[in-house]
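Please describe the structure shown below in plain terms.

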Amino acid sequence: METELIQLAIAAVVIVGIVLLLRRAATTSRERGAVTARERLGVEPAIVGRPRRERKRPLAEAEGKPPAPEAEEEEEAEEAPPDAETRDAFKAGLAKTRGGFVAKLGKLFGKKKIDAATVDELEEVLFTADIGPRAADRIFQSVKKGLTKDELEDADKIWGQIRKTSKQILALDAKPLDLTSRKPFVLLVLGVNGVGKTTTIGKLADQWTRDGKKVLLAAGDTFRAAATEQLEEWGKRANVPVVKKAGGDPSSVIFDAVKRGVDEDFDIVICDTAGRLHSNAGLMDELKKVRRVIDKAKPGAPHEVWMVLDATTGQNAISQAKTFKADMEITGIVLTKLDGSSKGGVVLGICDELKVPVRFVGVGEKITDLRPFDPSAFVEALYADASSGEAA
């Protein structure tokens with residue numbers, strides 16, 4: 001009898017032990033399951049004191065030296081200032097724009113006292129300027145929400161915030177233009193009548209030839225005889241050949257030019273197109289055909305598609321580019337006649353709404369006045385002397 005009781009006691013102890021082990025295992029399983037679920041959702045476990053992302057300690061900090069500045073300050077410090085020639089050229093080209101909305105801002109912040117009403121007037125000035133509603137709102141909100149109450153009473157702080165936001169708008173993540181990445185490098189140029197498209201092509205050809213490149217032009221605007229003649233004249237000035245075909249099909253002319261570029265080892269082939277109205281669907285379809293034909297002549301081409309816009313048209317330029325971009329992949333913008341317009345701020349709207357980089361801007365009549373776009377030089381020139389009230 002005693003033996004049986006001992007055996008029962010042992011069995012009871014074993015059963016209790018097994019139950020306890022099963023409960024503990026179940027609890028552990030539930031905890032692990034919860035962690036796994038958080039991991040699947042991409043949420044880090046809530047562990048007190050653990051940072052979301054570990055950073056390596058800078059060498060200076062490890063040695064007991066003062067820590068390095070924040071990343072944003074480092075980026076600003078690394079930005080190289082524009083050279084004097086570029087700065088002066090942009091400043092001269094943007095003189096009329098500074099006499100427009102920038103001058104209005106200068107008068108606004110030139111008041112003895114800046115108050116809430118001044119901030120409201122800032123909104124009105126920005127939204128009536130030709131910089132596009134999105135860019136205007138972005139700059140206004142950066143001032144209104146990005147500055148403290150005390151800073152909003154300081155004109156220099158407001159100007160600093162406007163400059164900073166303008167630079168951010170223009171700082172698109174675009175790769176630098178590399179004309180040597182392909183041979184020949186094929187550039188397709190689009191634009192409506194009167195924007196200066198053929199002149200832009202001629203100036204680019206002249207500049208790149210002076211840089212030692214072997215350039216070929218394709219007279220793809222076959223609907224207008226004057227366009228071919230104009231391109232030929234630029235070809236003579238730049239000493240570059242022009243492929244043309246009187247009354248021929250644009251696709252055929254451009255195909256022949258690209259094939260010649262391949263066969264004769266040209267560095268760059270620039271293809272002109274008709275100065276078509278962006279509302280004509282048939283002609284837009286033809287542009288797509290031109291693109292397909294270029295790809296047949298040189299697989300992977302065109303390597304860049306640029307649209308030429310006229311700065312004097314203001315926000316209409318943004319509308320044109322939007323329509324083209326809906327049907328064609330545009331990789332760059334050339335903005336002409338910047339010096340003849342008070343609407344140069346449209347560059348901000350173009351970059352903010354289209355997310356397409358501005359590659360060149362025309363700041364004068366001379367060949368050298370078609371300049372690579374420098375966002376830093378542009379912002380510096382746009383708001384030059386603004387804080388002193390002498391915007392123009």
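## Strands and sheet

Strand 6 (residues 332-336) runs parallel to strand 7, and three bridges link the pair. Here two strands count as paired if DSSP finds at least two bridges between them. Helices (H or I, at least four residues) and strands (E, at least two) are DSSP runs, numbered from the N terminus. Within this pair, L335 stands opposite V361 of strand 7. To get from strand 6 to strand 7 the chain passes through helix 14 (residues 346-354), and this β-α-β crossover is right-handed. Right-handed means that, with the strands pointing away from the viewer, the path from the first strand over the helix to the second runs clockwise.

The model is predicted: local features need pLDDT of at least 70, side-chain atom pairs count only at pLDDT 80 or more, and totals for chains, interfaces and linings use all residues. Residues are numbered from 1 along each chain as its sequence is written, and side-chain values use heavy atoms, with hydrogens and water left out.

Strand 7 is largely enclosed by the rest of the structure, because five of its five residues are buried. A residue is buried under 20% relative accessible area, exposed over 50%, and partly exposed in between (1.4 Å probe, protein chains only). Strand 7 (residues 358-362) also pairs with strand 8, this time in the antiparallel sense, over three bridges. In that pairing G362 stands opposite L370 of strand 8.

Contact means heavy atoms within 4.5 Å.

## The chain as a whole

The chain has 15 helices and eight strands. Of its 392 residues, 43% are buried. Among contacts between residues at least 6 apart in sequence, 75% join residues at least 24 apart. The accessible surface of the chain is about 21600 Å², and carbon and sulfur atoms account for 51% of that. Accessible areas come from the Shrake-Rupley method with a 1.4 Å probe; for residues, only the protein chains shown count as cover.

There are zero disulfides in the structure, a disulfide being a pair of cysteine sulfur atoms within 2.5 Å. C271 has a relative accessible area of 0% and is therefore buried. C351 is at 1% relative accessibility, so this residue is buried too.

## Residues in loops

Which residues does F223 contact beyond its neighbours within four places in sequence? They are P250, A274, L283 and E286. F223 sits in the loop between strand 2 (215-218) and helix 10 (225-238), and counts as exposed because its relative accessibility is 52%. The C-alpha atoms of F223 and T273 are 9.3 Å apart, although 50 residues separate the two along the chain.

Two peptide bonds with a cis form, and two residues other than glycine with a positive phi, are listed here.

| Feature | Angle |
|---|---|
| cis bond, K183 to P184 | omega about -5 degrees |
| cis bond, A301 to P302 | omega near 0 degrees |
| positive phi, N239 | phi near 60 degrees |
| positive phi, D265 | phi near 60 degrees |

P184 lies in the loop between helix 8 (155-170) and strand 1. P302 is in the loop between helix 12 (281-297) and strand 5. The loop between helix 10 and strand 3 holds N239, which is exposed because its relative accessible area is 68%. D265 belongs to the loop between helix 11 (250-263) and strand 4 (268-271). With a relative accessible area of 45%, D265 is partly exposed.
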